[in-house]
Amino acid sequence: MSSAPVTAGPPVAVVAGGARGIGAATARRLADSGRTVVVLDALGGSTLGYPHADAEDLARLEAHGISGHDVDLRDPGATRAALDEVLDLFRERLLERPS
């Protein structure tokens, strides 16, 4: 993620677990509706009985203008750090209220 705040642009949506399946479909739909979309999902091996997302999944999202980030959402510290980065980057746009 970039370190310079982004203050202008469309509303921002954060999709947790959005690199595959319903999460990816949701992320694409939000992007298609004009939102800036950030996806947080774990890449790599799985201990849950199903495969985690991989770099190809994130590349498919990036083709839709979606920013994908490797975050193990089962780790509260990693999740909080990722959300803090998103908030720092898009604070004003995340806190916008529709008119």
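Trainee: Leaving aside its neighbours within four places in sequence, which residues is Ile66 in contact with?

Mentor: This is a predicted model, in which local features need pLDDT of at least 70 and side-chain atom pairs count only at pLDDT 80 or more, while totals for chains, interfaces and linings use all residues. Residues are numbered from 1 along each chain as its sequence is written, and side-chain values use heavy atoms, with hydrogens and water left out. Taking contact as heavy atoms within 4.5 Å, and leaving aside neighbours within four places in sequence, the partners of Ile66 are Ala27, Arg28, Ala31, Val37, Val39 and Leu61.

Trainee: In what order do the elements of the chain run from the N terminus on?

Mentor: Helices (H or I, at least four residues) and strands (E, at least two) are DSSP runs, numbered from the N terminus. The chain has three helices and three strands. From the N terminus on, their order is β-α-β-α-β-α.

Trainee: How far apart are the end C-alpha atoms of helix 1?

Mentor: Helix 1 takes in twelve residues, 21-32. The expected span is 1.5 Å times one less than the number of residues.

Trainee: Which residues of helix 1 are buried?

Mentor: Buried means under 20% relative accessible area, exposed over 50% and partly exposed in between (1.4 Å probe, protein chains only). In helix 1 the buried residues are Gly23, Ala24, Ala27 and Ala31. They cover an arc of only 95° around the axis, taken from the directions of the C-beta atoms, and therefore lie on the same side of helix 1. The other side has exposed Gly21, Ile22, Arg29 and Asp32, so the buried set asked for is Gly23, Ala24, Ala27 and Ala31.

Trainee: Which elements do the buried residues of helix 1 pack against?

Mentor: An α-helix has 3.6 residues a turn, so residues three or four places apart point the same way. The buried residues of helix 1 pack against strand 1 (12-16), strand 2 (36-41) and helix 2 (55-62).

Trainee: What separates the C-alpha atoms of Leu58 and His69?

Mentor: Leu58 lies in helix 2 and counts as buried because its relative accessibility is 8%. His69 is in strand 3 (residues 67-70). Not counting residues up to four places away in sequence, Leu58 touches Ala19, Leu43, Gly68 and His69. Leu58 and His69 are eleven residues apart along the chain, and their C-alpha atoms are separated by 7.8 Å.

Trainee: Which side chain makes a polar contact with the side chain of Asp57?

Mentor: Asp57 lies in helix 2 and counts as buried because its relative accessibility is 6%. A polar contact is a pair of N or O atoms within 3.5 Å; within protein, one must be able to donate a hydrogen and the other to accept it, and residues adjacent in sequence count only if both atoms are side-chain atoms. At 2.7 Å, the partner of the Asp57 side chain is that of Arg20.
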